[in-house]
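Hi,

Here is the structure I promised to pass on. Have a look at it first, and my notes follow below.

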Amino acid sequence: MAKPGQSGLARVISATRYSYQGLRAQWKHEAAFRQETCLFLVALPLALWLGDGGMEKALLIFSAGMVLIVETINSSVEAVVDRISNEQHELSGRAKDLGSAAVMLSLVLAAVVWALVIFS
């Protein structure tokens, strides 16, 4: 059963506002996100210049953008874990480590895609 609340355009506007608030919080509180955003802003024009055709350009941009998406999910996991408790717990540490591993994997994937496009 759906939750009562807004629908239609009002819901879209509210969802957009919440997303913007999340991005602002991410920028304010997460140094890694700021660094990866700067990297993305450098990668974007490079992707358009280096990519041979639309598919390569899209792959380069997508792989760099995926890092930002995974970093945002990692930060949300960390915030939830920290909200639940400040005490050291094996599962809390594992959750944070897994989020960090996901970011690392997205960075490796982006590097592989870029290397394949550049050196092929």
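**Salt bridges and packing**

Glu-90 is exposed, at 59% relative accessible area (exposed is over 50%, buried under 20%, partly exposed in between, with a 1.4 Å probe and protein chains only). Bear in mind that this is a predicted model, where local features need pLDDT of at least 70 and side-chain atom pairs pLDDT 80 or more, while totals for chains, interfaces and linings use all residues. Residues are numbered from 1 along each chain as its sequence is written, and side-chain values use heavy atoms, without hydrogens and water.

Glu-90 makes a salt bridge with Arg-94, with the closest N and O atoms 2.9 Å apart (a side-chain nitrogen of Lys or Arg within 4 Å of a carboxyl oxygen of Asp or Glu). Both sit in helix H4, 4 residues apart, about one turn of the helix (helices are DSSP runs of H or I, at least four residues, numbered from the N terminus). Arg-94 is partly exposed at 42%.

The structure has 2 salt bridges. In the Lys-96 and Asp-82 one, the closest N and O atoms are 2.5 Å apart. Lys-96 is in H4 and Asp-82 in H3, so this pair ties together parts 14 residues apart in sequence. Lys-96 is partly exposed at 26%, and so is Asp-82, at 39%.

H3 (residues 54-84) and H4 (residues 90-119) also pack together, at about 170° with axes 9 Å apart (axes are lines fitted to C-alpha atoms over the stretch in contact, and angles run from 0 to 180 degrees between N-to-C directions). That makes H3 roughly antiparallel to H4, a label for angles over 145 degrees.

Cheers

Terms used. Helices (H or I, at least four residues) and strands (E, at least two) are DSSP runs, numbered from the N terminus. Angles under 35 degrees count as roughly parallel, over 145 as roughly antiparallel, 65 to 115 as roughly perpendicular and the rest as oblique.
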